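Colleague: I am new to this structure and would like a close look at one part of it. Could you take me through that part with care, and then through what lies around it?

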Amino acid sequence: MKDRVLVIDDDQNQCDLFEVVLKAPTCEVTTTTSPSAGLEHAKEGAFDVVLTDLGMTEMDGLELCRRMLGTSPDVPIVVITGQNSLDAAVNAMRAGAYDFLTKPVDAKVLQLTVARAIEHRRLHSQVRQLRAELLGAPVSDLLIGDSSAMKNVSRMITRIASNDASVLIQGETGTGKELVAKALHQASPRARGPFVAINCAAVPASLLESELFGHARGAFTDAKTQRDGLFVQASGGTLLLDEIGDMALEMQAKLLRALQERKVRPVGANAEVSFDVRIIAATHRDLETEIEQRRFREDLFYRVNVVRIDVPPLRARDTDILKLASVFLGRFAERNHKDPCSLSPQAAERLLSYDWPGNVRELENAMERAVALARLDTITVEDLPQKIRAYDREHCVIAADSQDDILPLDAMERRYIFRVLRLVGGNKTRAAELLGLDRRTLHRKLERYQGDTTGGDVE
Amino acid sequence: MSEEHLSRECLRLLLDHVAHDLRGRSGVILGALTQIEVGGDAEQIRKLVAMARRSAQQVLLMADGLQRAGELHSGAAHWEIEPRDLRELVQHAVERASAVETRRGITLDVRLPDAECVVSLDGEWMALTVTDLVVRAIQAARTRVVVELEAGPANAVLTVSDDGRPLPESWPERFSATPREQALGRTLSLARDVARAHGARLTTGERRPDWPVGGCIRFDFSRSKSDNG
């Protein structure tokens, strides 16, 4: 993949000269004379290094540096200026510049500086990736939470980011499978390419083939022009086939062939088109059961399930619930032009007690509603949906009046263990002591229950 | 800040700005020459020669502007007022500006009346001023610049519009390298003084009605009976 350089200088001649000096078979140069257009370019494309002039009329280079580092903090910025003064150099470095050069710039010095900046970025990115792998830290800002379940997801993303293996993401509805796919795309060498997602369940079966593979002009009544399918549109990047478990069997056969051949045939076309995409499939269904029921092709399953990531349900991410709630509250307060909201202790307790069958999406909706209803800057229990407010009473199984309220012993045990864990702030050694278990047994039970989708809490 | 201190600060900024531009442009010339020495295909050499030529022309235009600024500042400016066809002068100025300042993606639209438009003025001063204004507009524009001359029986109005940032409504007397709160930019300052010397009026105006952003600079020349023939 080529190194990408962005040049911002309000002198077109200077831009053209830098382009000539830096252009190489391994380097792609984009130039602009407008700093604001440069900021837009930087947001849209992943550049390895940015070169900017300091003295520009529309926006000076220091301001540009500060703004660019706000949105693309990892991209090294080399400031090049005609102001030959120590002050200018110091100010540029203070604004976050990686290096500072004075005009006229020697071509070799420029090439060397750019090469060094690109290497710096590469090493920086590797260190971050290794650190994430070591600590199980989130590989992306998209993944919120530091529960052990999410750390496992982050670790898995880091391990498989650099290769092109197909990935199957499995998780209940609302757990954030698409965010995991995006995080994987961003951590991969394909991050500069497009991330294209399609919900296979949302597109009528008759249109899915044309959506995925494209169509030739005149292929059907409405095909007035030729159109590339998503496989071609995602070229150089990642294609997410969301809810693949809902795809019709006939389409599954066509998809399997495309994945085997790495080529697609647009509807109505004579020739096949090659594609270069990483495939990520996602589903809330248990595909192995679907195979047994003959609703999903086994060969396609093995094709997409080279690596599998299980996204945990929210109830298995107890320590993340309040963190996620806080992020959503901040987001919705900003969107509604309100002051930042916080949760009252009672409301926080309700959120922790609830079972979250709709997972993160349900929590997000609850927080959006709470921000809209809140009269003060504190979210109270009254601002929460009825289902969450009433949850404890409805699930008070110990004092159950009817047989319908009785839970299986496994579900009871699961709820009880998680309840104790919450009480001791996630300290597994202490929880094991209180439960009268040894630590390894507790670990085994936790591993088993984190994938479990039933249950709630015990009062 | 005292007036004297402000003036000194403006002069320092002006000289800084000039030094910055001179370094940048001579840097392009030197860089292009170095690349030509290294060699390349005919197309690349042609591009490099064009870059060097444009940068040299920018340096010349800067030198002309600085000399005129010095003459105006010291009161030593000499004016040779005579009837001239403003259409020819604008056309010439636009051609020079286009040769000096090229920006990708900017369109330059010149609208001149069919009949000649004679106005009494100093041709050299005015040509340089209009060239400066068109260069400024090209530099400021996002996508387009319109240069329009409208001739009436009593006056002729030259408008240079761009779709860049709006221009300030009121102008301070002092001038500096670039427009700022306490000083007027070099180009506008020169243009204002040249307009005054010709008894013309230089104003900034709003963007063109069909543009979402931008502004314009307007020269309003009064025409005597002899100008109208």
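Modeller: Helix α4 (residues 123-140) of chain B gives the most to the lining of the second largest cavity, with four residues; helices here are DSSP runs of H or I of at least four residues and strands are runs of E of at least two, numbered from the N terminus. This is a predicted model, in which local features need pLDDT of at least 70 and side-chain atom pairs count only at pLDDT 80 or more, while totals for chains, interfaces and linings use all residues. Residues are numbered from 1 along each chain as its sequence is written, chains are lettered from A and ligands numbered from 1 in the order in which they are written, and side-chain values use heavy atoms, with hydrogens and water left out.

The lining of this second largest cavity is made up of Arg68(B), Trp125(B), Leu128(B), Thr129(B), Asp132(B) and Leu190(B). A cavity is a set of points, on a 1 Å grid over the protein atoms alone, where a 1.4 Å probe fits but cannot get out, and lining residues have an atom within 4 Å of a point. By class, three of the lining residues are nonpolar, one is polar and two are charged, where Asp, Glu, Lys and Arg count as charged, Ala, Val, Leu, Ile, Met, Phe, Trp, Tyr, Cys and Pro as nonpolar, and the others, Gly among them, as polar. The volume of the second largest cavity is about 30 Å³, taken as the space filled by probe spheres set on the points, which are joined across faces, edges and corners.

Next comes the sheet in chain B, an open one whose five strands follow the order β2-β4-β5-β7-β6 with mixed pairing; two strands pair if DSSP finds at least two bridges between them. Because β2 (107-111) and β6 (201-206) of chain B stand at the edges, each with a single partner strand, one side of each is left without a neighbour in the sheet. α4(B) packs on this sheet, touching β2, β4 (144-151), β5 (155-162) and β7 of chain B, with contact meaning heavy atoms within 4.5 Å. The direction of α4(B) makes about 30° with that of β5(B), where axes are lines fitted to C-alpha atoms, for helices over the stretch in contact, and angles run from 0 to 180 degrees between N-to-C directions.

Within the sheet, β5(B) and β7(B) run antiparallel and are joined by eight bridges, and Leu158(B) has Phe219(B) in β7(B) as its bridge partner. Strand β7 (residues 215-222) of chain B also pairs with β6(B) in the antiparallel sense, over six bridges, and there Leu202(B) stands opposite Phe219(B).

Conventions
On a 1 Å grid over the protein atoms alone, a cavity is a set of points where a 1.4 Å probe fits but cannot get out, and a pocket is an open set with protein on both sides within 12 Å along at least five of seven lines; lining residues have an atom within 4 Å of a point.
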